[in-house]
Structures are given as structure tokens and as C-alpha cells.
Amino acid sequence: NQQIKRFELGGGESGDLRDARDNAFKKLATILDVSLATGDSGEFTITIAGVGPLVSGTLFNKLYLETRKADPERGIPEGAYDVKLENLAAPAITHRIKNGKMSGLIEARDQVLGEAARNIDELAFTFATQINEIHRSGYNLNNATRVDFFKQPKGILHSAETLSLSNEILADPNNIATALQPNSPGDNRLVQLLASLQHEKPLNGGLSTFDDFYNLTVSKLATVAQSNKHVLEHQSHILGQLEKLRETISGVSLDEETTNLVQFQHAFDASAKVIRIADELLDEILNIRRG
């Protein structure tokens, strides 16, 4: 805006700058849901839908990122980015952004992938907790009891990421409990109890086994991915049609330009012929006068 204004006030040509500005806006419009208004002097004013002004003439607000604290309820990990806008009373605009690539990334992080991450963490936490409860009640080959099989997660958040065997099991495999009574190397009742967890339903309010819960999470992701694929194909066709329509209004038609060139050529030929005839007539008149 500033360069165009300076060039045009000085009587210069700013066509290239205007084309560059148009292209910059088109690129921005793929990232954010923005609207455009043109002032009397031709300056652009760009507004983010539902947020506020981004560019107004030679003034602009700056988008920036800040890391945020973890939000276990939404599956947002520690250090995730918050989108903010300068010169705004409430600068955080992450969840006010609608449409565009940025909105899609935020939705994928906080809803689709966020929900999947929460489910996997819940699965890991419940699995480790129930295995440990049963394992602590048994006896290992060292006749010890009250030993955890997994390191007990401190909470649901990051349980899947931090899931690992306990230090006792890592130090000595003989600490794996198999019996319900001490000094019973042939007792495998504890193992049977652990195996029976496969058919228990500790998740989803007592409706899902571990396998059901995991498969449900994966199937939801697959459904969302397939749905988004179909939507993308449909929207791509619409976008292609709209771009063709825009080009017919504001773009350059090669056929039209070729037709104009042919017309100009015929007009030039006709003008040249008129000039040639006029020149010949003038010569005839002069020759008659001389005679």
C-alpha cells in the first residue's frame, strides 16, 4: 500500500506493485479467512473474520506465536503454540480463527489429534494401573510381592509417551510375578488374572475393552481422514470453477487478445491502403497540373 501510494503520487506506474499486492492477498486468503475492502485512494484494508483488522492502509497488526501451558482436558501438550494478534485487547485468537489452512491445523491439533491423544493416554493409564494392581498382589520368583510391573503413571496426560517397565522388572526379570502364593513356582493363577483383563471393560464408562477402545480411536481417525479426502476433492472442483470464473472476469483471454490483434492488423492495413491511395491521387493531381 505504501509503495503504491508513493509511486502514484509521483506520477509513476504501479501496475506491477498492484499485481504483487493482489497475489499476496490471494496467498493470505488461503491461510486465514480474510475480507478485503478498497479505499477511495485504492489502498487495501484486510480484516480477519471474527477477529479484527490486520492491514489498514499503511498500518498493520502483527500475528505472532507464543507457547502455552498444557491443557489435559483438550489434549494440548506443554509448549503447543497459541496464535496471537498485536494491538488487540484479548490477543489470543487461536480458537477465533475460522477457515483457511491455519484453522485446519488448529482443528486437527486440538480436536481430531487432540481427542486421539487423550484416548491413547487414557488407554495407557488404565492399562498400566490395572496391570499394576493385579501384579502387586502376586509373588515373583524371588518370593517378593507388592512389585509394580509398569512405572505407575502420575496422571493420564503423557501416559502413553512415558509408559515403561518398572525399575524392579528392568533390573531383574525374576521380579515378574506369576503366583498368588509364595514359594509356588508352578502357580500361574496371577498370569491368568492378567490375561483375563483382555475381556474386561474398564474404559468408556464400562462399555469398552482395551481392544475395543483402541480400535474405536483408530476407526474415528480413519473416518475423519476419509471424510476430509472426499471434502477436499469436492472443494477442489468448486475452487477450480471459481478460479476459471474469476479469470473470465479479471484475467486475460488469449483468444480475445488474438482477435484484437487481428482487428488491429486489419485496421492498420486499411489505414495504410487509404494513405497509399491518397498519395497516388496527390501524385496524379500534381502530374495533371504539371501537364
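**A surface residue and its surroundings**

Tutor: Ile249 is found in helix 7; helices (H or I, at least four residues) and strands (E, at least two) are DSSP runs, numbered from the N terminus. The model is a predicted one, in which local features need pLDDT of at least 70 and side-chain atom pairs count only at pLDDT 80 or more, while totals for chains, interfaces and linings use all residues. Residues are numbered from 1 along each chain as its sequence is written, and side-chain values use heavy atoms, leaving out hydrogens and water.

Ile249 counts as exposed because its relative accessibility is 68%; the classes are buried (under 20% relative accessible area), exposed (over 50%) and partly exposed in between, with a 1.4 Å probe and protein chains only. Together with Ile238, Leu242 and Leu245, Ile249 makes a nonpolar surface patch of about 400 Å². Patches consist of residues with over 30% relative accessible area and no salt bridge; like charges are joined within 9 Å, and nonpolar side chains (Val, Leu, Ile, Met, Phe, Trp, Tyr) within 5 Å. The areas come from the Shrake-Rupley method with a 1.4 Å probe, and for residues only the protein chains shown count as cover. A salt bridge requires a side-chain nitrogen of Lys or Arg within 4 Å of a carboxyl oxygen of Asp or Glu.

Rings of Phe, Tyr and Trp (its six-membered ring) pair if their centres lie within 6.5 Å; planes under 30 degrees apart count as stacked, over 60 as edge-to-face and the rest as tilted. By this rule there are four aromatic pairs. One of them is the tilted pair of Phe127 and Phe150, at 5.8 Å centre to centre with 55° between the planes. This pair links distant parts of the chain, since Phe127 is in helix 3 (residues 100-136) and Phe150 is in the loop between helix 3 and helix 4 (159-162), 23 residues apart. Phe127 is partly exposed, with a relative accessible area of 31%, whereas Phe150 is buried, at 9%. Phe127 also forms an edge-to-face pair with Phe210, at 5.3 Å centre to centre and 90° between the planes. Phe210 is buried, with a relative accessible area of 9%. Ring pairs join Phe127, Phe149, Phe150 and Phe210 into a cluster.

The loop between helix 3 and helix 4 also holds Asn143, a residue other than glycine with a positive phi near 60°. Asn143 is partly exposed, at a relative accessible area of 37%. Asn183, likewise not a glycine, has a positive phi of about 55°; Asn183 lies in the loop between helix 5 (167-171) and helix 6 (189-196). Asn183 counts as exposed because its relative accessibility is 60%.

A further surface patch is one of negative charge, in which Glu13, Asp16, Asp19 and Asp22 gather. Lys and Arg count as positive and Asp and Glu as negative, with His and the chain ends not counted; the place of a charge is NZ of Lys, CZ of Arg, CG of Asp or CD of Glu. Glu13 occupies the loop between helix 1 (2-9) and helix 2 (15-31) and is exposed, with a relative accessible area of 69%.
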